[in-house]
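The following briefing concerns the structure shown below.

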Amino acid sequence: FKLPWKKDTQEVKKEGGWDWKRVSDALTSLFPLWVICSVAVGIVKPKLVTWLDGDLITAAVALVMVATGMTLEVMDFRNILR
């Protein structure tokens, strides 16, 4: 696992900035941490998450499903279809 902002100066100059694929991969790989932190906030300070109700719950679940799906690869689907 290599952090996206830890790059050689030459490499950054050649590409013209951050490697957004690696940033995305890093954030996606840390998704379980985001969930655990969110749950911890909800347990410690429930008022910070009680605004999440009704249609917002549906949107939040959809976001979780999309983020989880982003971690899947083609091989995962091949394994399911076997």
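The model is predicted: local features need pLDDT of at least 70, side-chain atom pairs count only at pLDDT 80 or more, and totals for chains, interfaces and linings use all residues. Residues are numbered from 1 along each chain as its sequence is written, and side-chain values use heavy atoms, with hydrogens and water left out.

**Overall architecture**

- The chain contains five helices and zero strands, where helices (H or I, at least four residues) and strands (E, at least two) are DSSP runs numbered from the N terminus.
- Read from the N terminus on, the order of elements is α-α-α-α-α.
- Of the 82 residues in the chain, 13% are buried; buried denotes under 20% relative accessible area, exposed over 50%, and partly exposed the range in between (1.4 Å probe, protein chains only).

**Salt bridge**

- The structure holds one salt bridge, defined as a side-chain nitrogen of Lys or Arg within 4 Å of a carboxyl oxygen of Asp or Glu.
- Its partners are the side chains of D25 and K21, at 3.0 Å from N to O.
- Because D25 and K21 are four residues apart in helix α2 (residues 20–29), about one helical turn separates them.
- D25 is partly exposed, at a relative accessible area of 33%, whereas K21 is exposed, at 55%.

**Largest pocket**

- A pocket is found on a 1 Å grid over the protein atoms alone, as an open set of points with protein on both sides within 12 Å along at least five of seven lines; a 1.4 Å probe is used for cavities, where it fits but cannot get out, and lining residues have an atom within 4 Å of a point.
- The largest pocket holds about 480 Å³ of space, the volume being that filled by probe spheres set on grid points, which are joined across faces, edges and corners.
- Its lining comprises 15 residues, and those closest to the centre are S38, V39, L52, A60 and V64.
- Two or more lining residues come from each of α3 (31–44) and α4 (55–69), and α3 gives the most, with seven.
- The lining has 13 nonpolar, two polar and no charged residues; Ala, Val, Leu, Ile, Met, Phe, Trp, Tyr, Cys and Pro count as nonpolar, Asp, Glu, Lys and Arg as charged, and the others, Gly among them, as polar.

**Helices α3 and α4**

- V64 is found in helix α4 and is partly exposed, with a relative accessible area of 40%.
- F31 belongs to helix α3 and is buried, at 18% relative accessible area.
- The C-alpha atoms of F31 and V64 are separated by 9.2 Å, although these residues are 33 apart along the chain.
- V64 and V35, 29 residues apart along the chain, have C-alpha atoms separated by 8.7 Å.

**Nonpolar surface patch**

- W51, L52, L56, I57, V61 and M65 make a nonpolar surface patch of about 590 Å².
- Patches consist of residues with over 30% relative accessible area and no salt bridge; like charges are joined within 9 Å, and nonpolar side chains (Val, Leu, Ile, Met, Phe, Trp, Tyr) within 5 Å.
- L56 lies in helix α4 and is partly exposed, with a relative accessible area of 41%.

Definitions and conventions
Accessible areas come from the Shrake-Rupley method with a 1.4 Å probe; for residues, only the protein chains shown count as cover.
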